[in-house]
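Open the model in a viewer and keep the sequence panel beside it. The tour goes from single residues to the whole chain.

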Amino acid sequence: MVTPSCRRKVAQWAVETKEVSVRLACEMFGVSQTCYRYKPKQSSENDQIADWLIRLTSLHRHWGFGLCFLYLRNVKGLSWNHKRVYRIYRELELNLRIKPKKRLIREKPQPLAVPEKSNEVWSMDFMHDQLSDGRSIRLFNVIDDFNREGLGIEVDFSLPSERVIRSLEQIIEWRGQPKRIRCDNVLNAIA
């Protein structure tokens, strides 16, 4: 998309170099004749705004447009329009560089060890869901990794640690104690 000021410059170039009439140049480039004849007024205030912005951003490197404008308006009592100040701020290219978020470098996970018999490794995890009336429910699942058998599931609106411990103890009474329990891909040996 070409801005009106660029179209006005092209129309002026066509009139000056190609000797096209003003009316025809304005029609060709989609510019009104009042826009073609407009002479921008360079106000001395624009230089004053630019000077203030440069001083503020050099003193306070982490200030963006918002803090600069609020300082000029509230502390210095200057009544410049925020659109005008922002236009000059952009022309001076004072925009703060947005830092990209640093990504955590993670080690490659080791492939999951496949257990050779039942009761060797159990996996446990929490899940949550929502009922039709908006209330949240939590689920605690325990699975045997060898045959993918669901050993236990606890469902309630709240699962305190005592309840989780009691559930694990009940499963151990019924199935026996596993060698290891995997929780969030971390293996924990049981002593």
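Select Glu154 to begin: this residue counts as buried, because its relative accessibility is 18% (buried means under 20% relative accessible area, exposed over 50%, partly exposed in between, with a 1.4 Å probe and protein chains only). The model is predicted, so local features need pLDDT of at least 70 and side-chain atom pairs count only at pLDDT 80 or more, while totals for chains, interfaces and linings use all residues. Residues are numbered from 1 along each chain as its sequence is written, and side-chain values use heavy atoms, with hydrogens and water left out.

Glu154 sits in strand β3, residues 149-156. Helices (H or I, at least four residues) and strands (E, at least two) are DSSP runs, numbered from the N terminus. Now show the side chain of Arg163: a polar contact of 2.9 Å joins it to the side chain of Glu154. A polar contact is a pair of N or O atoms within 3.5 Å; within protein, one must be able to donate a hydrogen and the other to accept it, and residues adjacent in sequence count only if both atoms are side-chain atoms. Which residues is Glu154 in contact with, leaving aside its neighbours within four places in sequence? They are Arg138, Leu139, Phe140, Leu159, Arg163 and Ser167, where contact means heavy atoms within 4.5 Å.

Next, select Ser123 in strand β1. Its side chain makes a polar contact of 2.7 Å with the side chain of Asp145. Not counting residues up to four places away in sequence, Ser123 touches Asn141, Val142, Ile143, Asp145 and Arg182.

Move to Asn119, in the loop between α6 (82-91) and β1 (121-130). Is Asn119 buried or exposed? Asn119 counts as buried, because its relative accessibility is 16%. Phi of Asn119 is near 65 degrees, a positive value in a residue other than glycine. Most residues other than glycine have a negative phi.

Arg180 belongs to strand β4, residues 180-183, and is partly exposed, with a relative accessible area of 29%.

For another positive phi, go to Glu19, where the value is near 55 degrees, again in a residue other than glycine. Glu19 lies in the loop between α1 (4-17) and α2 (22-29). Its relative accessibility is 72%, so Glu19 counts as exposed.

Now zoom out and colour by secondary structure. The protein has seven helices and five strands, and from the N terminus on the order is α-α-α-α-α-α-β-β-β-α-β-β. Along its principal axes the C-alpha trace spans about 95 × 45 × 40 Å. The radius of gyration is 35 Å, whereas a compact globule of 191 residues would have one near 16 Å; the radius is taken over C-alpha atoms, and the globule rule is 2.2 Å times the number of residues to the power 0.38.

Of the 191 residues, 28% count as buried. Among contacts with a separation of 6 or more, 43% come from residues 24 or more positions apart.

Finish by colouring the charged side chains: 33 are positive and 23 negative, and the centres of the two sets lie 14 Å apart. Lys and Arg count as positive and Asp and Glu as negative, with His and the chain ends not counted; the place of a charge is taken as NZ of Lys, CZ of Arg, CG of Asp or CD of Glu.
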